[in-house]
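Dear colleague,

Please find below the structure that I am handing over to you.

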Amino acid sequence: MIVCVCNALGERQVRAAARSGTPTACPIAAYARLGCKPRCGQCLSHAREIVRAA
Ligand code: FES
């Protein structure tokens, strides 16, 4: 399932990024690990839930 339309990021990618290296609960840090940054910001609340659960 797509989490971030602007960056075409899926739930699995975001979860894996949150778990890689030092685990993070910050969606912006997880996006950075994928070489992306938030654009419109619409996805951040959902992305935050995913990284916190990860
Ligand atoms: S949907 Fe993620 S920044 Fe726009």
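**Findings**

Among contacts in the protein between residues at least 6 apart in sequence, 50% join residues at least 24 apart; two residues are in contact if their C-beta atoms, placed from the backbone, lie within 7 Å. Please note that this is a predicted model, in which local features need pLDDT of at least 70, side-chain atom pairs count only at pLDDT 80 or more, and totals for chains, interfaces and linings use all residues. Residues are numbered from 1 along each chain as its sequence is written.

The protein has three helices and two strands, which follow the pattern β-β-α-α-α along the sequence. Its radius of gyration is 9 Å, close to the 10 Å that the globule rule gives for 54 residues, so the protein is as compact as a globular protein of that length. This radius is taken over C-alpha atoms, and the globule rule is 2.2 Å times the number of residues to the power 0.38. Helices (H or I, at least four residues) and strands (E, at least two) are DSSP runs, numbered from the N terminus.

Of the 54 residues, 26% count as buried. A residue is buried if 20 or more other C-beta atoms lie within 10 Å of its own, exposed if 12 or fewer, and partly exposed in between, with C-beta atoms placed from the backbone. The largest nonpolar core has twelve residues, including Val3, Leu9, Tyr31 and Ile50. The elements that give two or more residues to this core are β1, α1, α2 and α3. Such a core is a set of buried Ala, Val, Leu, Ile, Met, Phe, Trp, Tyr and Cys residues joined through C-beta atoms within 7 Å. Leaving aside its neighbours within four places in sequence, Leu9 is in contact with Val3, Cys4, Val14, Leu34 and Cys36.

Helix α3 spans residues 44-53, and its buried residues are Ala47, Ile50 and Val51. Seen down the helix axis, these buried residues fall within an arc of 90°, so they line one face of α3; the arc is that of the directions from the helix axis to the C-beta atoms. They pack against β1 (2-4), α1 (11-19) and α2 (27-33). The face turned away from the buried side carries the exposed residues Ser45, Glu49, Arg52 and Ala53.

Arg48 also lies in α3. Is Arg48 buried, exposed or partly exposed? Arg48 is partly exposed, because 17 other C-beta atoms lie within 10 Å. The C-alpha atoms of Arg48 and Cys26, 22 residues apart along the chain, are separated by 6.5 Å.
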